Amino acid sequence: MVQPSFSHPTKREDAGPSTSPTAALDAFLDNQHQSYYEELYKSEAVCLCILRSLPPVCRHIILHILWSHQPIRTVDVKLFLQMDLKTPLPELDEVVRPALNRKILHPMIHKKAKMQWPMNDTFKRGLRNALTGLGTSNSFGVPFERDTEEGIPTQEELVAYGEDTFEGILKYMVSSGLEIGFPVARPQEEVLQLLHASGLMTDPSDPTGQNPNINRLTITSKGFQFLLEDRQTQLWEILMYYLSAKEANSERSAVVLSMFFSLGCMQLGQDYSASASFPHAQAALNDLAQYGFIYRSSEDTDQFFPTHLATALCSGDATVTKSQDADEKRFLILETNYKIYAYTSNELEIAILNLFVDIRIRYPNLVVGKLDRKNVKAAMEKGISAHQIISYLSSHAHPQMYNSPPPLLHPTIVDQLHLWDRERNRLKAEDTVMFEFFSKELFDDTEAEARANAALQHSIPSQKLLFIEPHTKAAITEFVKERQARLRSGI
Amino acid sequence: MAPPTAAVSDVVKSYPKTTAPSILLVILDIHPLSWSLLASPPPLPPYPGHPTVDRVEASPLTLNEFATILMVFLNAHLASRWGNEVVVYGATAGRARLIYPLPPSAEAGPSKPKPNSYRPFQLLDTRIEQGLRELAAEEAARLEGDSVNSVNEPTSIVSALTKALCFINRIVPAVSPAAALADPTASTDPAAPGVTGPDKPETRILVINATPGASISATEQKEANEGQKSQGGQMRGGYVGLMNCVFAAQKAKVPIDVLSLPPPTIDASPPIFLQQAAHLTEGIYWQWNGRGGLLQYLHAIYLPPPSLRQHPFAVPPQDAVGFRAVCFCHHKTLDVGFVCSVCLSIFCEPRPVCLMCKTRFPIKSIPTLKKLATYIEPIPVPDTIPPPVASKGAGAKAQHAADGDKRDKDRSRREGNGYHGDRGEPIEVD
């Protein structure tokens with residue numbers, strides 16, 4: 001029953017998050033058209049961030065040809081990569097595929113007996129200007145001209161502000177899914193609307209989803225999955241939901257997206273002028289303040305401070321966010337007897353743990369609980385998968401856990417979680433149509449016919465019962481009638 | 001169609017998905033005499049067989065221009081990955097100084113961020129400019145003062161190298177054997193916190209040499225001995241120090257890349273000790289040909305981090321390395337030397353008593369040694385390794401024409417790309 005593949009899923013999942021935090025962004029960008037990129041690449045900050053999101057080999061090829069007038073030739077790439085000159089062209093296309101997807105390079109063309117990829121001029125100009133600092137788009141943020149040094153928040157205050165605001169939203173989500181909720185501040189209306197529109201929360205009394213009462217939202221299974229993601233992934237997902245909502249209102253999202261990248265290139269602790277930095281995205285900037293991406297001392301001031309949520313947005317490998325609160329994030333000790341010790345006093349983390357852990361003891365800085373079948377299965381009913389629980393446990397493992405020989409989580413527990421997951425999937429519900437026959441002959445003929453048309457789901461010859469696919473019902477009924485008529489006439 | 005697509009995935013999959021953050025330590029030679037030579041280069045000899053390259057005039061290079069090029073290159077290094085860092089040392093006559101980053105104690109008030117430049121780039125660029133100006137001003141003050149002769153001192157690359165290695169040692173602490181024993185999983189488990197695993201930064205040193213070996217040695221050693229045409233004389237006295245640095249870097253697996261700016265017209269002989277340094281630490285040695293295009297060369301040759309070199313990116317073919325040494329007694333570069341069998345000091349002539357460890361050798365053996373030495377014929381060091389014969393067709397024509405005067409790709413390097421990066425076979429000298 002226990003499959004060997006269960007035992008070491010942690011390795012692969014550890015490799016995963018290093019590339020995946022921007023998965024939502026990548027999915028969004030992959031669906032965009034050339035003209036969308038042309039607009040994006042007007043901002044130097046976007047060019048810089050997109051360059052960094054490419055895989056290393058592709059990135060260095062782009063930097064290699066950046067200062068050249070000519071399109072990049074396939075022979076040059078072959079020589080640079082020490083490939084055989086007879087390498088087929090599709091293979092080379094594969095090497096620069098990420099750049100082609102991001103429209104940094106145009107598709108391969110044939111010119112003067114050479115195969116080459118022309119480079120996107122807007123991108124080239126943008127990246128050159130980013131490196132030389134000669135751009136004019138103010139994409140790295142115009143600093144605010146302030147008269148006084150008073151009232152400037154420190155970096156720690158900004159981090160605390162960002163954490164509080166964003167965790168407030170997460171806490172609201174998690175408290176809506178618990179029987180015993182704890183008092184939380186309700187996020188602002190626009191935030192709730194976005195949570196509803198993205199499907200992270202839903203109003204159970206409003207099955208159509210048309211006009212929900214946003215004061216009575218409860219968390220969905222998608223929302224639970226969202227809670228278990230790491231911070232960077234959550235941020236990008238929220239931003240992409242926000243962007244999709246903008247697009248749904250047929251607003252142009254390129255300006256907003258390029259603002260996200262600009263925020264990602266700003267400095268923590270520096271104040272910027274909103275009207276000068278983002279003249280076309282004022283509304284969006286105000287919306288971001290509700291999620292804690294930026295801090296404003298008052299509603300109507302032009303000055304704003306990006307928080308660490310914004311400035312760490314583009315650091316592709318999440319090390320920035322990890323290093324900032326690495327100690328806080330690594331608090332879980334899991335024993336082979338399913339006991340969990342969580343050294344945390346963070347309400348949100350405890351609430352998330354409470355989703356799948358039976359919490360027994362609670363001290364000021366320590367929570368002791370147990371993974372048991374009832375709670376884990378309850379979590380799985382909510383839509384959380386075994387993989388998500390495992391990746392949550394391993395990404396929050398206490399440094400002490402690394403002192404035991406790998407794998408990080410004991411295989412017993414990992415396997416048991418997968419088994420609990422499997423248990424849930426033992427029964428599969430499918431729609432069906434049942435036929436009951438009196439004549440054995442008619443039953444056999446119909447069964448053969450249904451089997452031939454791959455419409456048969458199940459047959460019970462002893463009781464002369466047939467279960468067939470619902471969409472074939474009309475055809476089978478037709479067949480039965482015709483066969484019946486022929487059998488009768490035959491008698 | 002099926003077989004090529006299978007191959008596609010194999011090759012592309014073999015490329016690394018991510019690389020470790022990379023720390024680049026640049027040592028910039030700003031010796032005033034060397035830069036005055038570079039600013040007025042003699043005309044270049046014709047470059048037969050390659051009209052595009054031949055058309056390019058010798059391009060004078062001033063420190064100002066080069067600093068601009070270097071800043072763009074360093075920005076590109078910072079741009080290529082989050083977490084990449086740059087450290088810059090300036091080395092001038094007889095002294096070396098850390099230019100960037102500033103020590104935290106001396107942090108000057110940060111200048112106002114510019115709306116069109118990425119803040120780290122801006123900090124780096126302003127600081128480099130400021131640092132270079134400070135060093136130049138100091139140098140001028142020294143000339144004004146009593147120590148006019150100081151300008152004749154060689155560039156203290158060794159001092160800068162030592163500082164760079166100390167810097168690396170500070171940020172990348174070696175795993176002590178005791179710690180490795182106590183925590184054997186730390187280095188193998190990529191998820192482990194700390195500096196182990198894939199997040200451990202890669203470090204490399206890039207030495208930008210501006211001092212021509214031959215000409216400095218000519219001015220310096222004129223009085224010492226006229227006849228001996230000594231190469232790499234800029235290392236006079238610093239030879240042991242340099243070699244110690246090289247071996248330390250070799251042990252710490254820190255590649256030392258060398259870019260030698262003086263083109264062959266100024267500097268007929270390569271700085272052999274820097275070349276040895278690059279060879280021993282598996283760095284890249286490359287000499288500028290004097291025809292512009294430095295920005296492109298820096299990007300093409302020195303930008304990929306060590307983990308991406310050789311596989312998949314090509315490196316220029318390394319010239320044959322002369323493994324000559326300097327004697328401890330007269331600081332002459334030797335083809336034939338005499339080594340103390342106790343302390344391994346090198347001397348240019350047999351000695352009855354070792355100058356270093358005072359070991360006595362039988363005086364009778366000296367004539368024999370001298371006689372034997374005359375039989376040894378010095379092996380000439382070839383200029384470069386011969387260009388490869390295979391894979392020429394497209395390779396030779398694959399000319400990049402880069403910005404402005406950058407259409408001067410060195411033909412031998414281009415062709416060499418097809419050649420799988422073999423280093424020149426070292427020519428050993430007794």
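**A buried alanine and its helix**

Ala76(B) counts as buried because 24 C-beta neighbours lie inside 10 Å; a residue is buried if 20 or more other C-beta atoms, placed from the backbone, lie within 10 Å of its own, exposed if 12 or fewer, and partly exposed in between. The model is predicted, with local features needing pLDDT of at least 70 and side-chain atom pairs counting only at pLDDT 80 or more, while totals for chains, interfaces and linings use all residues. Residues are numbered from 1 along each chain as its sequence is written, and chains are lettered from A and ligands numbered from 1 in the order in which they are written.

Ala76(B) belongs to helix α4 of chain B, residues 63-79, where helices are DSSP runs of H or I with at least four residues, numbered from the N terminus. The 17 residues of α4(B) should span 24 Å at 1.5 Å a residue, and the end C-alpha atoms are 24 Å apart, which agrees; the expected span is 1.5 Å times one less than the number of residues. Other residues of α4(B) are also buried, including Leu63(B), Leu70(B), Phe73(B) and Leu78(B).

Leaving aside residues up to four places away in sequence, Ala76(B) touches Leu63(A) and Leu131(A), together with His299(B) and Leu303(B), a contact requiring C-beta atoms, placed from the backbone, within 7 Å. By contrast, Ser34(B), 42 residues from Ala76(B) along the chain, has its C-alpha atom 27 Å from that of Ala76(B).

Key
Helix = DSSP H or I, 4+ residues; strand = E, 2+ residues; numbered from the N terminus. Contact = placed C-beta atoms within 7 Å.
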